[in-house]
Amino acid sequence: MSKLLGGQIGLDDFIFAHRKGRPKEIEIEKSEDALGLTITDNGAGYAFIKRIKEGSVIDRIPHIKIGDHIERLDGVNVVGKRHYEVARMLKDISTGTTFTLRLVEPMTSGFQGIGPRGGGGKAGKSKGYGSGKETLRFKSNGSAAIEDERDEVAQAGIDAINALLDSFMGINDAELASQIWDLGSNKTNSMDFAEAIDASDLEAFGFTDDFIIELWGAVTDARQGRMKKL
């Protein structure tokens with residue numbers, strides 16, 4: 001946003017926008033422990049559906065789409081909450097319970113024809129539209145950045161942490177798994193790792209000591225090459 005206001009947007013920059021479209025309220029039966037969602041947020045209090053696991057509870061509901069903004073959960077306004085807070089609220093819903101999600105889908109009209117310009121330009125141009133190996137990551141200060149894909153060791157650790165979160169929270173959350181990996185990737189023992197979690201906003205989850213040891217095991221296994229990228 002600072003680059004936009006300062007007139008510093010270049011030809012190779014991308015602007016990602018979620019323009020509010022149609023709101024929708026959907027009743028969902030939590031028939032399984034895991035809903036099959038990955039949630040992200042933009043650091044400014046708006047949580048979005050980033051990924052839907054194939055064959056999951058959410059995947060079987062055609063009205064729920066990637067990119068939908070999660071606005072309310074059972075009438076409770078979740079605007080202003082981080083993605084992991086919304087994930088925890090969904091995890092706390094008992095299996096077999098029916099709940100209501102109010103979502104706002106993004107407007108797509110007018111964007112169908114937008115794409116890289118063809119034709120002109122110098123042959124052998126060194127800079128293109130990306131390798132397809134980057135990811136859009138929202139920062140806590142509200143900014144966003146395109147980051148390189150994680151290396152094999154980091155991705156293996158993140159996948160293992162996410163699998164543990166799936167069993168602990170009942171929901172996939174790759175953003176939260178990445179945050180946990182970043183906290184542990186440079187630690188030398190489980191005590192320092194536990195202290196780093198307690199000193200972060202993840203302390204609100206109340207992870208048990210046993211679960212933190214499991215998370216630490218995933219970090220060390222990945223760093224020592226005992227697992228491969230899933």
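Biologist: Let us start with a strand. Which residue in β6 stands opposite Ile70?

Modeller: Leu103 in β6 stands opposite Ile70. A caution before we go on: this is a predicted model, where local features need pLDDT of at least 70 and side-chain atom pairs count only at pLDDT 80 or more, while totals for chains, interfaces and linings use all residues. Residues are numbered from 1 along each chain as its sequence is written, and side-chain values use heavy atoms, with hydrogens and water left out.

Biologist: What counts as a helix or a strand?

Modeller: Both are DSSP runs, numbered from the N terminus: helices are H or I with at least four residues, strands are E with at least two. Here the protein chain has six helices and eight strands. Along the sequence they follow the pattern α-β-β-β-β-β-α-β-β-β-α-α-α-α.

Biologist: How many bridges join β4 to β5?

Modeller: Two bridges join β4 to β5 (residues 76-77), and the strands run antiparallel. Leu73 stands opposite Val76 in β5. The two strands form a hairpin with two residues between them. In the turn, Asp74 has a positive phi of about 50 degrees.

Biologist: What does "buried" mean?

Modeller: Buried is under 20% relative accessible area, exposed is over 50%, and partly exposed is in between (1.4 Å probe, protein chains only). Four of the five residues of β4 are buried, so β4 is largely enclosed by the rest of the structure. Helix α4 (residues 174-184) has nine of its 11 residues buried, so it is largely enclosed too. Among the buried residues of α4 are Glu175, Ile180 and Trp181. In the protein chain of 230 residues, 36% count as buried.

Biologist: Now polar contacts. What makes one?

Modeller: A pair of N or O atoms within 3.5 Å; within protein, one must be able to donate a hydrogen and the other to accept it, and residues adjacent in sequence count only if both atoms are side-chain atoms. Look at Asp41 in strand β2 (residues 37-41). Asp41 is buried, at 3% relative accessible area. Its side chain makes a polar contact of 2.9 Å with the side chain of Arg82. A polar atom of the Asp41 side chain also lies 2.6 Å from the backbone nitrogen of His83.

Biologist: How many residues apart along the chain are Asp41 and His83?

Modeller: They are 42 residues apart, yet their C-alpha atoms are separated by 5.3 Å.

Biologist: How do I find the faces of a helix?

Modeller: An α-helix has 3.6 residues a turn, so residues three or four places apart point the same way. In α5, the buried residues are Phe193, Ala194, Ala196 and Ile197. Down the axis they fall within an arc of 160 degrees, so they line one face of the helix. That arc is taken over the directions from the helix axis to the C-beta atoms.

Biologist: Which exposed residues does the face turned away from the buried side of α5 carry?

Modeller: Met191 and Glu195. The buried residues of α5 pack against α4 and α6, where contact means heavy atoms within 4.5 Å. At the start of α5, a side-chain oxygen of Asn189 comes within 3.1 Å of the backbone nitrogen of Met191.

Technical notes:
Pairing = 2+ DSSP bridges.
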